[in-house]
Each structure stands twice: as structure tokens, then as C-alpha cells.
Amino acid sequence: MDYQKLADMLFADVVKTPEELEAEFPPRGLPEGAVVSRMAPSPTGFVHLGNLVQGLTSERMTHQSGGVLFLRVEDTDQKREVAGAVETLIEALKFYDIRFDEGASVQGDIGDYGPYRQRQRRDIYHVYAKKLTAEGKAYPCFCTEQELSDIHAEQEKNKENFGYYGKYAVWRDRPIEDIERQLAEGKPWVLRFRSEGSIENKVKFTDLIKGALELTENDIDHVLLKSDGIPTYHFAHVVDDHLMRTTHVVRGDEWLPSLPFHVQLFAALGWKPPKYLHIGPLMKMDGDSKRKLSKRKDPELALTFYEQAGFPVRSVYEYLLGVLNSNFEDWRRANPDIPATEFKFSYKKMNPAGSLFDENKLRDVSKDVLARMTAQEVYALESEWAEKYNPEFYKVFTEKPEYSQAALSIGRGGKKPRKDFATLAEIPAYLSFFYDETFVPEYEQDGFDWQVSREDAAEIVCEWQELCAKDGMPGDGDAWFALVKQMGERLGYCPDTKLYRSEPEKWKGSVGDVSMVLRVATCGRRQSPDLFSVMDIMGSEAVMKRMSRAGEKLGIRN
RNA sequence: GGCCCGUUGGUCAAGCGGCUAAGACGCCGCCCUUUCACGGCGGAAACAGGAGUUCGAUUCUCCUACGGGUCACCA
């Protein structure tokens, strides 16, 4: 067989040579140890947690080592492509703070190793397809879909391994005349790899996460180029990651079975394969068993799910970082205030098994993240979120920014900040009493428990109104609380909780009861952050209005 | 079915031949406290099973079970 002739026949339009491409995309000349990696998603319009896990790992490894992170769009499957998906993808990744040094972007490609969209790299793949063909390492196959499924059926019947190999590889050694005839008739063809492997042999391989691996050699003549001339993932991966000088490939471990083929392809092209990190899948609990998160069934796999649920980017980021490197949690506790990027990420800490996605943990991490932010930061995030998902709240929340920020600042800062909410979606309810528009007093519901009798509650409200009307409300917390105690004592409430507990029969109640009545009257509910701060921020006029409203409900007429 | 990966408390996980087998989330109890949230202290809770190797196995080997993945002109 004259392979060179076959190559010229199949790839008449190829003009470049492998040598020229090598020169065009030379080694990057980065310092020793610098990692070059990439995210290589396919534009299906669905960005998920798996993408992010992989992206985060690549991002940390590259940027921590002074290397390069690039984005390559794997758009080789025209059938599955969704319009605008590339933009969606890029936006989502940007939203999650994955910054690329080069690659595809909304404005077009950036960088010297492009194009970064595989469909545009067709000519490059063909150079190597031609080379492989000329060397007898690849050949055209004219099997129809029907023929292939017949082969599969027969293999199933005979309990043989599936695939195009051995006697089933019917075009592997056809005379060139047969090929010419098919070509002349305009029959569609694919280019297949001529595998010299055998399932009798094992290949040893070291994965950076999984460790030492012993895999069975590949004996299948896999498709390199599809009938439309576009490469399959396998071929594109090998060519691109070589030419783009990728040093580390991070991907899901569903790729492990095709690793022997990839290694084989690198060898066939005379290239050194990159290092691989195969990440275990993210799982979820389904009844009693774990299973991989599925795009179809699990909305929580989509990144948009977390955005909508109001989890800040940093929460998802830190949660994931903790899953990938469990020592991150300890580090974070020791360093509560420095950016997560200062943490020293190591692939060595990554678990070879899959992880169960733990929403409880995410919430916990998120509470911490939110508690460490300044009121201004939370305000900004909340505005952004509410504008999109809770327009009504957005309106009142942003009407008086300083007011809302003051409300958010209660109990913030210091060693033990409050942790009142895990998501931005919980803030409207948490702050509802700060705005008349969203204030819904629980005491207006039947059977509400004021903790004291309604008469006593009325008395407290009344008294407080009079006091404040006369002297105004105290301007600092201690004075305020002293006043509450003093007033309570006059009404028969013990100013000291401990004392009250030791001899409860001597008092009507304790200062806690007095505060509770004022709290309910002001906030409409029994839980609130520090009451003085709330009143102080709301202002005495607003507080007096709340007192009147509660008073009315309690049967006071003024 | 073939091939491959995995298996430490409910969950996430340290561990890498000798430990009373960390820590975190969740749960329970106590303390702090004008409510709640926070915080502090304490508790219940694990090496899938069986053979080896070894003076000694959570750690190494094999088998079994279970879970997961993969066997496309999808990635």
C-alpha cells in the first residue's frame, strides 16, 4: 500500500507541514515548574459545577505557579451546539472569578496559540491527519451507520468486546483501489487510527490524582476525523494540547477509559503527553445510594442554580476549594480575612474518589463568607441579586442605601460577627421589619405570644412611648438599656435576669420580658439583632409609629 | 457483559506499617445571653467483608460485596 499516495488523495488541500506548525507554536519558554492548563468546555449552554471544579483546579495550579490558563472551546459537535452558548459560558466563568490569560473571549481570541475554537482549527488537524495517513497510522473508513450498528449487534450476540477492531475493522487493510472507487462515488468517510495495541497488554501510567494506574491497551481503531472533517475529542485533545503547550490536563475521571488511546496517539505523533489529573465525579444522594450528579435530573448541578439561590460567588468558590483541598478549612479559620487566593493549593490533597455534594456545608461556608464581608459589600451583592430576583425588595432596599447598609452592619465586624443568613435570598426576610413596605408584624396574627400578658405588654408600650416623647430616645446602647431596666423596675420587672431566676415570685417578670415587648412592637417578631441598634437606625419617629401600631393592636387608645 | 476507578462516623474529610483513628458540617446536651444569631465546653457516631504479607495492618497484596465510570462520526 502506498500510504503517501493515500494521504495525498485524502488531504489534497493540506499545504502546511508539521514542522511549520511546530515553528508557529513554539514552546512557551516559561520558567521551570510553571503550569500551563486550560478549560476546554463544549458549548452546550449549560455550565455546571463539574466545569467549575475542573476550572478551579486548573486556575489555582496555573496562577499559583506563574503559568498560563487558557480557554479553549470544544465546539466539534455541531449537532449539540446551542446558539450563544459560548458567550453564556464565558460570562458564567467570569462571574465565578475564573480569569483566563488567553483563549476564546467574547471579543474574540486572545493569545498566540490560537485559534481557540476547535472548529476554526480544522486545517491544523488535517496536517496531522495527513501525516498519520502517510505513515500508515491512519486510514479512511466508509462504513455506514447501519453497518456499524450491525457490527455492534453481532458483538453483543457473540459476547465479544464492542468496537471497531480485528476482523470488524473491515476497512483497515483494504486495497487502495477500493478506497479510490468509494471516493469517486463521493461516499462519506471517516479517518480512523490504526491501533497497534492489544488488550493482552497493560500500560502503566501515573495520574497526579489517582496515582499509579494499570490500564489495558487500546486495540480499537477509533475515529480521528468525522465525516465532516472535524476531529473527534480525542484527536483534537492531543493535537491542541500539544500545540498549545499544555503541561497539565485536568478533567473528569470519565475520561480514564480513553486514556490509553490518548497516550497511544501522543506516541504515534511523536509527542510527549502532558501530565493528567483525573478528578472524581461530584455525586449526590439519591434515596439510599450515591450517584453522579446528572445534568437532566439535578438542577443544583447548574451554576445558575446557585446564583438564583443567592449564594455569593465567594461562597461557592470557598466551598469547592474546601472539597478539593480539605486543609483549606483549617487555613481559613487561621486566616479569616485574607483572600482565598493566598491559600496554597495542592493537587496532592485531592481525593481520588468522588465527593458527595453537601448543601449543608455550602450553607455553613456561605454564612461565614457573608459574615466576614463589610456591610457595603453585602449591600452591593444584595442589590445586584435582588434587582434580578426580588424586584420588590430591590426597590425599598436601594431607596436609602445608607439606611440599608446601617441595617446590615448590626453585629458585623469584630471577632464574633453575627451569621444570620447563608444566602442573599434570605436577606429580604431578615431585614423586612426595617421597611414599612415589607413590615408584617406577627403580633397581628391570632394567638401570638407576647411572652407577657397583653395588658402588661400594653403597659410597657405605653410607658415607653411616654418616656421617649418626653426625653427622646437615648443615643447610646448602655444608656438605652439602663432606661429599659429602670422603666421595667418601676413597672415591677426585675432588672437582673439572674436575680429574677432565683426568686421569680418577687417580680412580674424580668428585663428580658420588657425588651421582648419592645422588640415585638418594633420588629413585629420575637427575634431580631440588637434591639438598641435597630431602634437607633430606624430613628425615633419610625419607632414611635411602630409603638402606636402595636399599641392599637393591644387596645391602647391615645 | 468487557475494561477501569473507588470504598474511614449521616456527610465532607485527615491519615500514607505502630495514633486513645484528627478536624469540619449536621444532630444532642450544657454554658454565655434582654430575644435571635454568634461564641465556648462536652456527647453520640467510622476504617465494607474475608484471606494473606508482617512482630504489628485503616495503611501493602489478593478475593468478595457494594458504589461509580466507560465501551459513538458526544464531549
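Biologist: Is D253 buried or exposed?

Modeller: This is a predicted model. Buried means under 20% relative accessible area. D253 has 19%, so D253 is buried.

Biologist: Where does D253 lie, and which residues does D253 touch?

Modeller: D253 sits in the loop between β9 (248-252) and α9. Residues up to four places away in sequence are not counted here. That leaves K210, H278, I279, G280 and P281.

Biologist: Now Q264. Which helix holds Q264, and is Q264 buried or exposed?

Modeller: Q264 belongs to helix α9, residues 259-268. Its relative accessible area is 16%. The cut-off for buried is under 20%. Q264 is therefore buried.

Biologist: Which residues is Q264 in contact with, leaving aside neighbours within four places in sequence?

Modeller: Contact means heavy atoms within 4.5 Å. With those neighbours set aside, Q264 has contacts with F193, S195, E196, G197 and N218.

Biologist: How many Å apart in space are Q264 and L356?

Modeller: In sequence, 92 residues separate Q264 and L356. In space, C-alpha to C-alpha, the separation is 33 Å.

Biologist: On to the second largest pocket. How much space lies in it, and which lining residues are closest to its centre?

Modeller: The second largest pocket holds about 730 Å³. Its lining has 28 residues. Closest to the centre are R332, R333, D368, R372 and K419.

Biologist: How much area do domain 1 and domain 2 bury between them?

Modeller: The domain assignment puts domain 1 at 18-122 and domain 2 at 285-372 in chain A. Their C-alpha centres lie 23 Å apart. The contact takes 15 residues from domain 1 and 20 residues from domain 2. With 76% of it on carbon and sulfur atoms, the buried area is about 1900 Å².

Biologist: Which residues in domain 1 lose the most area to domain 2?

Modeller: Three residues together make up 35% of what the domain 1 side buries. They are L49, R60 and Y96.

Notes
Residues numbered from 1 in each chain as written. Chains lettered and ligands numbered in written order. Predicted model: local features only at pLDDT ≥ 70, side-chain atom pairs only at ≥ 80, totals over all residues. Heavy atoms only, no water. Helix = DSSP H or I, 4+ residues; strand = E, 2+ residues; numbered from the N terminus. Buried < 20%, exposed > 50% of the residue type's maximum accessible area, 1.4 Å probe, protein only. 1 Å grid on protein atoms, 1.4 Å probe; cavity = no way out; pocket = protein on both sides within 12 Å on 5 of 7 lines; lining within 4 Å. Points joined across faces, edges and corners; volume = space filled by probe spheres on them. Domains from an automatic or database assignment. Buried area = accessible area lost by both parts, 1.4 Å probe.
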